[in-house]
Amino acid sequence: VTHDLVCSRSSHPTETHTPFAGVGWAASLPTIGTVKRWLVTCVVLACSGTAAAQLNDVEQRIVAAAKSRSPHALALLEKAARINSGTLNADGVRAVGNVFRAELDALGFTTRWAVMPPEMKRAGHLVATRESGGKRLLLLGHLDTVFEPDSTAPLWERRGDRVRGQGVNDMKGGNVVIVEALRALQAAGALDGVSLAVVMTGDEERLGQPPELARADIVEQARRSAAALSFEAGIDFNGQSYATLTRRSAGAWQLTVRGQPGHASGVFTRGGYGAIYEAARILNAFREQLAEADVTFNPGVLLGGTSVTFSDDTSAGTAFGKTNVIARDVVVRGDMRFPTAEHGARLKRRMQEIVAAHLPGTSARIDFRDGYPPMPATDASRLLLDVYSRASADAGFGTVQARGTAGAGASGDIQFAAPHTAAIDSLGVTGRGAHTDDEDMEIASLERATIRAALFIHRLAKQP
Ligand SMILES: [Zn+2]
């Protein structure tokens, strides 16, 4: 699988030998030196599976700087991980934010804390910018973890070449990768000439409401950026690395149905159908008519009867009704996920049409709450992956492929940037068991991801 990507480079050199390569082509074709280098790379890769160094002097200095900092990088991660920062532990989230803020201040960033309104009950975000002309890139991290202060997961527990701890791979390790990649660029004299924004959110694991407000800083920075790079945990499978170019939307819907209460003997005729039959008609029509690949809509809770209550805080409710009375109220709460904005618009329109075709004696409405926007792969994001993959291969870490799981469930902050700029995710450290008490990180992945990220940023800055 790896060879497909790497050796596709040799298709360019072979064009130089075709009799059809005219003068117009020649100018854009590689020099013989480049051709030789590509061919050598392919042969080496085909034999050993690891790349020969294809790094220029600056890039070699970047790699050396990243390597020399590795013990500090691990110490920085330990410092951040030893502070509990469950999303609802606002003090802890801000304390972790201060750890990374100090690092970014030292790198010449202008940093601020984006405060959220008290009713959102979230800590806020770290926003840092560094203006240096050139292209602008947005780097995304998050400060919070799923581990609230009562968690039984250890904060930090070294185990040989791995470390177990709260948020070590999701994603305090990724935050360290951001900081250390920038530090390596600075040490190599390569940090200037690219403008950077770093946003580390405080509520990635439990998104504050409303999302438009909670993610306003990401959207604002994404609009001004040529690309957004997110450092959620990296993916390695059978020796192949993957990055994420696609994530499905994640949102919610509520169906509210009303019927005319009356004696059960009048159902279907003078009493109408009641709210429960109307809700059943609607849900069954959704299932029969709207299911398609990569699109899901799941009714998660339904309450029906003469009267119902439902609490957002507890996700629990009550229903009261009698078997001899036609139901007056139904409420259904559900989840929906789709791969592109077009899928979402079509799904919502068709849901509305089904809802509107009421049974006699009933009424109903459906309301949607958008959460995470969909992130489809684009030509621009595939270009990002291409640059990242080459940087990884040239550093000796092999190629990186697109993770082919549009249907997967995970959502991330990158989705709020994706509608506004080219977006790529999973550039962080690798580990196992994210969100469980056994969450851990492969220590070597910290240096590997840092080198990849630093080379990626450096090459993107130079990319036309
Ligand atoms: Zn995460």
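A search of the whole structure, which is a predicted model, finds 3 cavities of 30 Å³ or more. A cavity here is a set of points, on a 1 Å grid over the protein atoms alone, where a 1.4 Å probe fits but cannot get out. Grid points are joined across faces, edges and corners, and a volume is the space filled by probe spheres set on the points. The largest cavity has a volume of about 90 Å³.

Select Gly234, Asp236, Gly428, Thr430 and Arg452. Of the 16 residues that line the largest cavity, these are the closest to its centre. Lining residues have an atom within 4 Å of a point. Now colour strand 8 (235-237), strand 9 (240-243) and helix 15 (444-462): each supplies at least two lining residues. Helix 15 gives the most, with 4 residues. Helices (H or I, at least four residues) and strands (E, at least two) are DSSP runs, numbered from the N terminus. By class, the lining has 7 nonpolar, 6 polar and 3 charged residues. Ala, Val, Leu, Ile, Met, Phe, Trp, Tyr, Cys and Pro count as nonpolar, Asp, Glu, Lys and Arg as charged, and the others, Gly among them, as polar.

Next, the largest pocket. A pocket is an open set of points with protein on both sides within 12 Å along at least five of seven lines. About 1,000 Å³ of space lies in the largest one. Select Leu207, Gln209, Ala252, Asp312 and Arg369, which lie nearest its centre among 31 lining residues. Strand 10 (250-259), strand 12 (307-311), strand 14 (329-337) and strand 15 (362-372) each give two or more residues to this lining. The lining has 9 nonpolar, 9 polar and 13 charged residues.

His142 in strand 3 (residues 135-142) and Asp170 in helix 8 (residues 168-187) are 28 residues apart, a pair that links distant parts of the chain. His142 is buried, with a relative accessible area of 1%; Asp170 is buried at 10%. Buried means under 20% relative accessible area, exposed over 50%, partly exposed in between (1.4 Å probe, protein chains only).

Now select Lys348, in helix 12 (residues 341-356). At 19% relative accessibility, Lys348 counts as buried. Leaving out residues up to four places away in sequence, Lys348 touches Met336, Phe368 and Asp370. Contact means heavy atoms within 4.5 Å. The C-alpha atoms of Lys348 and Phe368 are separated by 8.2 Å.

Last stop: helix 10 (residues 216-223). Its buried residues are Asp217, Ile218, Val219, Gln221 and Ala222. Their cover includes strand 1 (110-114), strand 2 (125-130), strand 3, strand 6 (194-201) and helix 14 (414-417).

Residues are numbered from 1 along each chain as its sequence is written, and side-chain values use heavy atoms, with hydrogens and water left out. In this predicted model, local features need pLDDT of at least 70 and side-chain atom pairs count only at pLDDT 80 or more, while totals for chains, interfaces and linings use all residues.
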